[in-house]
Amino acid sequence: MKVVKNILGRIFALWAILVFVITMLVFLLPIGITVLWPEPKRSRIAYFFWSGWMGSFLPLSGIFRKVVGKKHFKKGQNYVVICNHNSLLDPPVSSPTIPGPNKTIAKIEMARIPVFGIIYRRGAVLVDRKSEESRRASYGKMKEVLEQGLHMCIYPEGTRNKSREPLQRFQDGAFRLAIDTKKEIIPAVIFHTAKAMPRKTFYYWPTVVELHFLEPISVEGKTVAQVKEESSQIM
């Protein structure tokens with residue numbers, strides 16, 4: 001039975017790649033031409049098409065989303081949204097599910113992929129993690145995103161969790177950003193993406209993934225260490 005499931009998982013992986021490429025080509029032009037508008041209008045329009053792309057790709061590839069807690073996003077407010085990170089599926093699941101235009105922090109290597117990089121750049125603040133200068137510049141860009149009224153989505157573990165612990169140790173950046181911009185943090189917990197797309201093998205499995213948005217965390221009067229610990233405990 002395990003052998004059969006592994007074979008099916010590889011077949012589903014090939015199907016997911018095919019669906020990804022086809023749906024990407026459908027939405028490439030609409031997302032690409034958003035460069036004609038200035039920010040933040042550019043990101044608001046791109047979010048509409050990006051959400052449409054993932055709204056097509058995910059169910060067609062067998063991934064269905066269950067979302068809890070959208071009510072925590074108050075109209076007229078934007079937030080630093082922090083998510084756990086277990087799979088490459090986390091950004092496609094989380095970013096278009098956040099209610100409202102947003103950008104995510106993302107590694108610059110992915111933006112160099114032909115064709116896909118055009119779309120990737122529209123929804124991300126890019127960072128070269130090997131460059132201190134790039135890291136500083138990306139922090140300034142994330143502040144600009146929040147100043148423009150968009151949400152900023154960050155994975156404070158810094159990379160995919162390869163341990164057996166539910167969360168890795170959080171890095172400081174997301175919490176310093178929230179304090180510097182006086183924005184509340186909305187923690188979000190993603191479930192089952194690693195089951196759908198494991199880290200170490202060519203495998204894809206139809207799955208219901210869940211995204212739970214939790215109550216906002218105020219940063220007023222708190223230190224980075226305090227907000228980081230509070231967020232970690234709540235998640």
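In helix H6, Phe175, Arg176 and Ile179 meet Val224, Val227, Lys228 and Ser231 of helix H8, where contact means heavy atoms within 4.5 Å. The residues of this contact divide into four nonpolar, one polar and two charged. Here Ala, Val, Leu, Ile, Met, Phe, Trp, Tyr, Cys and Pro count as nonpolar, Asp, Glu, Lys and Arg as charged, and the others, Gly among them, as polar.

The structure is a predicted model, in which local features need pLDDT of at least 70 and side-chain atom pairs count only at pLDDT 80 or more, while totals for chains, interfaces and linings use all residues. Residues are numbered from 1 along each chain as its sequence is written, and side-chain values use heavy atoms, with hydrogens and water left out. Helices (H or I, at least four residues) and strands (E, at least two) are DSSP runs, numbered from the N terminus.

**Helix packing**

Two packed helices are described by the angle between their axes and the distance between the axes. Axes are lines fitted to C-alpha atoms, for helices over the stretch in contact, and angles run from 0 to 180 degrees between N-to-C directions.

| Helix pair | Angle | Axis distance |
|---|---|---|
| H6 (residues 173–181) and H8 (residues 224–234) | about 120° | 9 Å apart |
| H1 and H2 | roughly 165° | within 9 Å |

H6 and H8 are therefore oblique to each other, whereas H1 is roughly antiparallel to H2. Angles under 35 degrees count as roughly parallel, over 145 as roughly antiparallel, 65 to 115 as roughly perpendicular and the rest as oblique. The crossing of H6 and H8 is right-handed, and H1 passes H2 in a right-handed crossing. A crossing is left-handed if the near helix is turned anticlockwise from the far one by less than a right angle, and right-handed if clockwise.

The residues of H1 that meet H2 include Trp15, Phe20 and Phe27, and those of H2 include Trp50, Trp53 and Phe57. By class, this contact has 13 nonpolar, three polar and no charged residues.

**Nonpolar cores**

A nonpolar core is a set of buried Ala, Val, Leu, Ile, Met, Phe, Trp, Tyr and Cys residues joined through side-chain atoms within 4.5 Å. Buried means under 20% relative accessible area, exposed over 50%, and partly exposed in between (1.4 Å probe, protein chains only). The largest such core has 24 residues, and Trp53, Phe57, Leu58, Ile63 and Tyr204 have the most contacts inside it. Two or more residues come from each of helix H1 (2–32), helix H2 (41–60), helix H4 (116–122) and strand S4 (124–127). H1 gives the largest share, seven residues. Apart from this core lies another, of 22 residues, among them Val145, Ala178, Val189 and Val227.

**Strand S1 and Lys66**

Lys66 lies in strand S1 (residues 63–68). With a relative accessible area of 45%, Lys66 is partly exposed. Beyond its neighbours within four places in sequence, Lys66 is in contact with Val208, Val209, Glu210 and Leu211. The C-alpha atoms of Lys66 and Val209 are separated by 6.2 Å, although the two are 143 residues apart along the chain.

**Backbone features**

Most residues other than glycine have a negative phi, and most peptide bonds are trans. Glu39 and Pro40 are joined by a cis peptide bond with omega about 5°, and Pro40 is in the loop between H1 and H2. Val115, not a glycine, has a positive phi of about 65° and is in the loop between strand S3 (102–107) and H4. Lys182 also has a positive phi, near 60°; Lys182 is found in the loop between H6 and strand S6 (185–191). Val115 is partly exposed at 34% relative accessibility, while Lys182 is exposed, with a relative accessible area of 72%.
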